[in-house]
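These are my notebook entries on a two-chain model. I set down what I looked up, topic by topic.

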Amino acid sequence: MARQATHWRAGAAGIAVLGLTLTACGGAKVGDSSSGSGSSGGSGTCGTFNLAVNPWVGYEADAAVVAYVAEHDLGCKVTQKDLKEEIAWQGFGTGEVDTVLENWGHDDLKAKYITQQKTAVEAGSTGNEGIIGWYVPPWLAKAHPDITDWKNLNKYASKFKTSESGGKGQLLDGDPSYVTNDEALVKNLKLDFKVVYAGSETALIQAYRKAEKNKEWVIGYFYEPQWFLSEVPLVKVNLPAYKDGCDADAEKVACDYPVYDLDKIVSAKFAKSGSPAYDLVKKFTWTNDDQNVVAKYIAVDKMTPEAAAKKWVEANRDKVEAWIK
Amino acid sequence: MTVVMEKPERTGAEEPAAPARSVRRVGRPVLVAAILAGWLVLFAVLRGRQTLSLAAADLTDLHRWFNDVNDSIGANRDSNPLFLYFFNEIRLVIDTLVTFVQELISQPSADRPLPQIGWLGVVGIAGYVSWAVGNWRVALLAVAGFTFLGLQGLWQESMDTLALTLSAVLVALLFAIPLGVWAGLSDRVNRIVTPFLDFMQTMPTFVYLAPLTLFFLIGGASATIATVIYAAPPAIRITAHAIRSVPETTVEAAESLGATRRQALLKVLLPMSKRTVVMGVNQSIMAALAMVTIAALIDAPGLGKTVVQALQSLDVGTAFNAGLSIVVLAIVLDRVTTAASVREETARRSKGRFRTWRRPLLGAGAVIAVVLAYLSHTYVWAAEFPGEGSVGSSVASAADTTTTWVQDNLSGLTNAVRDALTNGLLNPFQSLLTDSPWWLVGAVLIALGTVLGGRRAGVTTAVCVGLLVGTGLWSDAMTTLASTLVATVLVMLFGVVVGVWMGRSALVDRLIRPTLDAAQVMPPFVYLVPFLALFGATRFTAIVAAVVYAAPVAIKIIADGVRNVPATTVEAATAAGCNTWQLITKVQLPMARGALTLATNQGLIYVLSMVVVGGLVGAGALGYDVVAGFSQGQLYGKGLAAGLAIVLLGVMFDRITQAAARRAGA
């Protein structure tokens with residue numbers, strides 16, 4: 001017993017010495033530097049700005065730029081929350097989300113949260129145009145230029161056959177986030193195709209990437225602006241042109257998708273708060289090319305969203321000034 | 001990730017049922033063959049009639065009703081007392097816990113730019129705790145593993161994930177262990193709890209993720225509760241199993257010595273089942289880690305976010321690096337808890353000098369850990385992990401190179417495999433299931449259930465078939481069923497081949513096991529991106545994903561079963577002149593029959609838990625319904641119904657295989 005105690009004491013002493021040595025050669029202490037540089041926050045009239053970030057790169061580009069400007073020019077504390085669309089909209093009511101920056105149509109959500117629950121309001125267009133449609137890889141459009149007219153699709157249907165399409169041509173559909181009329185379209189345009197659900201954007205992109213590389217026949221549902229188009233410039237197939245109301249009856253749709261005016265949604269509370277961040281959101285507008293540049297920084301050049309936003313903001317100071325005037 | 005421990009023979013009370021005897025006279029295989037032959041004949045006649053198919057955008061009244069319920073909950077959220085006083089209180093408590101753990105190791109707090117304990121402290125404490133509850137080998141592993149997380153450049157993300165995992169497991173155990181003990185003591189409680197546990201484990205998370213954020217708001221609480229729902233069932237089941245497997249004679253002996261119920265529980269049952277209960281903790285942790293990427297969809301911080309964000313731009317390298325961190329965390333936590341569960345035995349065996357040293361060493365270790373924690377609290381170098389995470393970028397670029405190589409060089413070969421399997425097996429089987437009238441398939445399922453599992457299994461099957469029709473998604477359910485069964489066959493194929501190999505050689509076991517662990521916790525999309533490039537968005541890709549996830553469990557169970565065949569039996573067979581092939585097919589596999597049925601059972605359940613992931617890569621059917629329901633408001637009800645259909649398929653097959661296993665054992 002006594003011997004044990006001696007060992008214990010020796011050990012403890014050794015550790016104490018070790019501890020002291022380490023402490024002595026310590027170095028910078030936590031919290032030392034923060035008091036000096038912490039004041040960049042600015043006036044503080046802005047407060048916290050809760051920005052939902054939906055999971056696609058184009059949105060991430062929007063959010064990164066708006067967050068960068070809000071933080072550096074307005075002194076807001078920006079909290080970016082990675083959320084799926086449905087959950088982000090739900091957050092308007094619970095007060096956890098102030099802004100959704102890039103809304104693709106979503107008339108169902110507008111009806112629910114703007115008209116019925118009155119927890120959200122529209123805050124104008126982002127300036128981006130969302131195009132949805134059927135696309136083919138560029139090699140295919142080059143080899144068979146007439147394929148971009150829907151009337152010729154049946155001619156090529158057998159080429160699009162896969163193990164999934166049950167003897168017909170495969171129309172690869174998609175990302176479950178967006179409404180599609182494709183089953184109705186195939187039926188009403190009397191196309192010899194079967195809709196196969198890829199199920200995710202990742203699956204769609206991989207399909208096109210592979211098709212372009214190995215010269216395979218793929219036709220599917222896609223959309224722009226999308227960073228992938230800067231890697232493989234897919235070509236859109238022309239369906240019968242969209243006219244107002246031609247998609248009113250989902251069963252009888254026989255026309256192309258409308259061009260979506262992508263818009264911004266804010267919570268009703270945030271709109272009344274008088275926060276400078278709200279004015280920024282309201283005035284924020286840019287072009288598809290602008291978004292593509294930032295999206296390319298993030299997706300292709302693998303920059304962090306903050307770095308990408310910084311690079312773009314510094315190069316486009318004039319546009320930013322218009323938002324914060 | 002479901003339970004590995006739940007042995008089908010747990011209810012010893014159940015007899016090999018009377019109806020079995022009358023059936024046995026004809027012979028079960030003959031009956032099964034007759035049922036299948038009858039099905040084929042009727043299929044040829046009735047093909048394409050009454051298939052109950054439903055188009056992707058169509059809804060039934062039930063789906064619309066689910067939508068309405070969901071909407072009205074959302075609309076009344078702020079005025080409902082249930083929300084104001086009940087859910088809000090739960091949220092507050094859990095939020096406080098999560099924030100506390102986060103500020104301790106991962107997030108800056110109000111007056112500090114860094115968490116309370118920095119990397120050096122965490123590494124020190126992890127090493128110390130691993131050594132104290134396990135042994136020095138796992139302590140070394142813990143230190144190396146945690147340091148590796150920092151070298152990958154993902155220290156903070158890893159700590160966020162660890163914080164959330166620990167909080168969730170803590171909350172889960174708080175409920176799971178008492179509930180498990182209760183279910184272990186009382187058959188009735190066990191019967192009531194089991195369907196709930198099945199529900200919690202097989203209901204796809206996507207279905208309840210959105211409602212959860214409605215109940216508990218966006219943030220730590222929702223993420224924790226989502227994780228708890230998935231992580232608690234294994235702990236409950238394993239605890240109940242542990243209490244049940246304490247020999248009755250021991251309890252009786254204690255009672256005859258005058259122990260009260262309470263004493264018998266505290267002094268006999270709990271200590272004797274401690275080892276297995278720790279395995280339950282282990283399974284809870286693994287299940288919690290499997291939720292990391294899903295929790296990221298509701299803004300849970302950590303590695304899941306890195307994975308999700310990287311995959312938006314198909315950056316496989318970065319996603320793999322973060323996935324690897326999850327694997328490292330899982331392996332460290334798994335090995336430490338496993339070591340903890342066997343520690344007392346090994347310690348007792350290695351008595352002598354080391355034991356007398358243990359106490360002072362423990363004290364010294366504690367002092368070192370405290371000093372390290374203090375240093376990391378005070379000094380920047382010990383608080384923030386130094387370096388740029390260069391290991392991480394080389395891991396990422398190596399993963400990228402490998403993926404590209406695989407995609408470029410293997411696609412010709414893989415297409416042939418895919419087409420052969422799809423056209424030769426999957427398509428005919430699927431059309432048999434989807435093109436037969438619903439009542440025919442239903443009758444076949446009920447008949448098979450009765451023949452294989454007895455009358456009770458038959459009744460369960462009938463109820464499940466009825467409810468499946470009720471979900472309005474019969475046709476989709478049959479499509480999913482076809483892929484699920486094909487995937488399960490493949491899982492068992494791998495399971496037997498690799499499992500026997502591992503069971504027969506300890507070296508092979510040691511080499512392969514980390515890969516199996518990795519396959520279970522690596523977020524699926526990390527490996528699915530190259531698979532998508534190889535196989536396209538097809539049902540085959542979905543099957544591959546399911547096999548990657550489910551095969552490890554089957555392999556582990558079968559390896560365990562083969563290893564447990566008594567050595568004397570094997571020796572006797574060898575002496576009698578059996579060659580290796582005969583030894584495996586005539587002795588080891590037949591004697592591991594219990595393990596084989598358990599592996600089938602778990603393999604099927606694991607495959608079902610990948611249905612949703614399958615829906616994301618081209619499987620369509622129920623998986624896609626769930627995903628679409630998560631993404632589009634008007635499809636919410638349909639997604640919920642699809643989730644229920646998956647649960648029903650799971651319950652149906654679980655009951656049939658378990659009953660069949662009991663009869664095989666009897």
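Entry 1: annotated spans. I began with residues 50-314 of chain A, whose end C-alpha atoms lie 24 Å apart and whose span is 38% helix and 22% strand. I took helices (H or I, at least four residues) and strands (E, at least two) as DSSP runs, numbered from the N terminus. The UniProt record, an unreviewed entry, annotates residues 50-314 of chain A as "domain: ABC-type glycine betaine transport system substrate-binding". UniProt positions are in the numbering used here, feature names are shortened, and annotations may be inferred rather than shown by experiment. For chain B, the unreviewed UniProt entry places "domain: ABC transmembrane type-1" on residues 158-337 and 477-657. I found residues 158-337 of chain B to be 87% helix and 0% strand, with end C-alpha atoms 19 Å apart. For residues 477-657 of chain B I noted 87% helix and 0% strand, and 19 Å between the end C-alpha atoms.

Entry 2: basis of the model. I noted that this is a predicted model, in which local features need pLDDT of at least 70 and side-chain atom pairs count only at pLDDT 80 or more, while totals for chains, interfaces and linings use all residues. Residues are numbered from 1 along each chain as its sequence is written, and chains are lettered from A and ligands numbered from 1 in the order in which they are written.

Entry 3: chain A overall. I recorded 14 helices and 9 strands in chain A. Of its 325 residues, 45% are buried (20 or more other C-beta atoms within 10 Å of the residue's own, C-beta atoms being placed from the backbone). Among the contacts in chain A with a separation of 6 or more, 74% join residues 24 or more positions apart; a contact requires C-beta atoms, placed from the backbone, within 7 Å.

Entry 4: the side facing chain B. I found 59 residues of chain A in contact with 63 residues of chain B. Elements giving two or more residues to this side of chain A include α1 (2-24), α4 (85-94) and α12 (288-299) of chain A. The largest share, 9 residues, comes from α1(A). This side of chain A divides into 25 nonpolar, 22 polar and 12 charged residues (Ala, Val, Leu, Ile, Met, Phe, Trp, Tyr, Cys and Pro count as nonpolar, Asp, Glu, Lys and Arg as charged, the others, Gly among them, as polar).

Entry 5: strand β3(A). I noted that 5 of the 5 residues of β3 (residues 99-103) of chain A are buried, so the strand is largely enclosed by the rest of the structure. β3(A) pairs with β1 (residues 48-53) of chain A in the parallel sense over 2 bridges, and with β9 (residues 260-267) of chain A in the antiparallel sense over 3 bridges. Pairing requires at least two DSSP bridges between the strands. T99(A) is the bridge partner of L51(A), and the bridge partner of T99(A) in β9(A) is V266(A).

Entry 6: V66(A). Leaving out residues up to four places away in sequence, I found V66(A) touching L51(A), L101(A), L280(A), V281(A) and F284(A).

Entry 7: A264(B). I located A264(B) in helix α12 (residues 261-290) of chain B. A264(B) counts as buried because it has 20 C-beta neighbours inside 10 Å. The C-alpha atoms of A264(B) and V251(B), 13 residues apart along the chain, are separated by 6.7 Å.

Conventions:
Contact = placed C-beta atoms within 7 Å. Buried ≥ 20, exposed ≤ 12 C-beta atoms within 10 Å, placed from the backbone.
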